[in-house]
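I'm opening my notebook on a structure that is new to me. I'll jot down what I look up, entry by entry.

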Amino acid sequence: METVWFMIVAVMLAAYVVLDGFDLGAGVIYLVAARTDLERRMILRAIGPVWDGNEVWLLAAGGTLYFAFPQLYASAFSGFYLPLMMVLWLLMLRAIGIEFRIHIEDPVWQGFFDVVFFGASALLAIFYGAALGNVISGVPLAKDGYFFEPLWTNFRLGENTGILDWYTIMSGVVALVTLTVHGSLYIAVKTEGDLCRRARSFAVMLWPVQFFLTCFSLVTTYFVRPSVMDNYHRYPIGYLVPILVFSSLGAILWAAPKGKDKLAFVASGLYITGMLVGAVFALYPVVLPARSNSQYDLTIYNSAAGHHGLSVGLVWWTIGMILALGYFVFIYRMFRGKVKLEEGHGHGY
């Protein structure tokens, strides 16, 4: 049952990154790809019906984590208290940037909230990547299952490192580039004309950077935590994951220049899923590794809730997930196709 809930949490986190990831990527290219007010409103209209719904997956994943692995929830939210507060503020600022920009007609304030939307989106992508980097490299867990780290120290790995070091910053850059490509391809799918071509060109231009960072991150991850290969040696089926990752990258390179935006966007989603699945597969059954002493690792066994609660919760989770998936299918089908916006449409989308 612990393994089932481990996979459920992983799936929900992957769904959040894939879905809200294109919203974040759209925010990153927002100031550069969109040259006019009309084009910026087109980007906002492209993500407008779904961005807040996509964020629900983050709340649902956090709630599921609290229910299934309370010790992990308590330890992670205590040790990462400061960066979590920063993430919450960035989520609020991003929402403020979108909503205030829509309802305020003054060009000066619109420009201000455009910058807020861009900045919050870029920083969120970096913070999410750094969070994954911290989980992979490990945290200074004590015997009682708790830890504390400053935001940064000397940016080097070691016993006295902070939340930000060269490896976690590298992970943040990987996430930023990946989600920028993902968001660019989504905007290319949803728009037409010059904006579509510019968004597509961003994805093509960033592809070599994404490929290099993917290779570099995989190599450095092995040197930072060699044990990540243990599960791959034990279960060779895991080698299908890097095949999926690099096949998806190849599909993006083939499809995007040809204008096959939907195929490229799906490949980008598979790439993100593959990277996350690869990390989860490498860590299993550990959910939060201890940096100095593996005996203090939090695993799915010593951090999970009781078996009866997990069994009953699985029933209610299944019902809730069916309702949520039905809602998302309905919303995405209702707003499928290219967005269109006419001059003189007024403020807002």
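Predicted model: local features only at pLDDT ≥ 70, side-chain atom pairs only at ≥ 80, totals over all residues.

**Entry 1: cysteines**

Buried means under 20% relative accessible area, exposed means over 50%, and partly exposed is in between. Cysteine 196 comes out at 5%, so I put it down as buried. Cysteine 215 has 27% relative accessibility, so that one goes down as partly exposed.

**Entry 2: helix 6 against helix 7**

Next I turned to helix packing. Helix 6 covers residues 107–137 and helix 7 covers residues 166–190; their axes come within 7 Å and cross at roughly 135°. That angle makes helix 6 oblique to helix 7. I also checked the hand of this crossing, and it is right-handed.

Which residues of the two helices meet? On the helix 6 side I wrote down Ala122, Ala125, Ile126, Gly129, Ala130, Gly133, Asn134, Ile136 and Ser137. On the helix 7 side I have Tyr167, Thr168, Ser171, Gly172, Ala175, Leu176 and Leu179. Sorted by class, this contact has nine nonpolar residues, seven polar ones and no charged ones.

I picked out serine 171, which sits in helix 7. Is serine 171 buried or exposed? Its relative accessible area is 13%, so I count serine 171 as buried. Leaving aside neighbours within four places in sequence, serine 171 is in contact with Gly129, Ala130 and Gly133.

**Entry 3: the loop between helix 6 and helix 7**

I stayed in this part of the chain and looked at the loop. Threonine 153 is located in the loop between helix 6 and helix 7. With a relative accessible area of 34%, threonine 153 is partly exposed. Not counting residues up to four places away in sequence, threonine 153 touches Asn160, Thr161 and Gly162. I also noted a C-alpha separation of 8.4 Å between threonine 153 and isoleucine 163, which are 10 residues apart along the chain.

Phenylalanine 155 is in the loop between helix 6 and helix 7 too. Its relative accessibility is 34%, so phenylalanine 155 counts as partly exposed. As a reminder to myself, most residues other than glycine have a negative phi, and most peptide bonds are trans.

**Entry 4: a cis peptide bond**

The one from tyrosine 284 to proline 285 is cis, with omega near 5°. Where is proline 285? I found proline 285 in the loop between helix 11 (261–283) and strand 1 (286–288).

**Entry 5: helix 1 against helix 8**

Another helix pair. Helix 1 (residues 2–33) packs against helix 8 (residues 193–224) at an angle of about 120°, and the axes are 11 Å apart. I therefore filed helix 1 as oblique to helix 8. Helix 1 passes helix 8 in a right-handed crossing.

For the residues, Ile29, Val32 and Ala33 in helix 1 meet Leu195, Arg198, Ala199 and Phe202 in helix 8. By class I have six nonpolar residues, no polar ones and one charged one in this contact.

**Entry 6: helix 3 against helix 5**

How do helix 3 and helix 5 pack? Helix 3 (residues 51–68) and helix 5 (residues 81–103) make an angle of about 170°, with axes 12 Å apart. Angles over 145 degrees count as roughly antiparallel, so helix 3 is roughly antiparallel to helix 5. Helix 3 brings Trp51, Glu55 and Leu58 to the contact, while helix 5 brings Leu91, Arg94, Ala95, Ile98 and Glu99. The class tally is five nonpolar, no polar and three charged residues.

**Entry 7: isoleucine 47**

Isoleucine 47 has a relative accessible area of 0%, so I list it as buried. Which residues does isoleucine 47 contact, leaving aside its neighbours within four places in sequence? I found Asp23, Ala26, Ile98, Phe117 and Tyr186. Isoleucine 47 and lysine 190 are 143 residues apart along the chain, and their C-alpha atoms are separated by 9.0 Å.

Key
Residues numbered from 1 in each chain as written. Heavy atoms only, no water. Axes fitted to C-alpha atoms, helices over the stretch in contact; angles between N-to-C directions. Helix = DSSP H or I, 4+ residues; strand = E, 2+ residues; numbered from the N terminus. Parallel < 35°, antiparallel > 145°, perpendicular 65-115°, else oblique. Left-handed = near helix turned anticlockwise from the far one by under 90°. Contact = heavy atoms within 4.5 Å. Nonpolar A, V, L, I, M, F, W, Y, C, P; charged D, E, K, R; others polar. Buried < 20%, exposed > 50% of the residue type's maximum accessible area, 1.4 Å probe, protein only.
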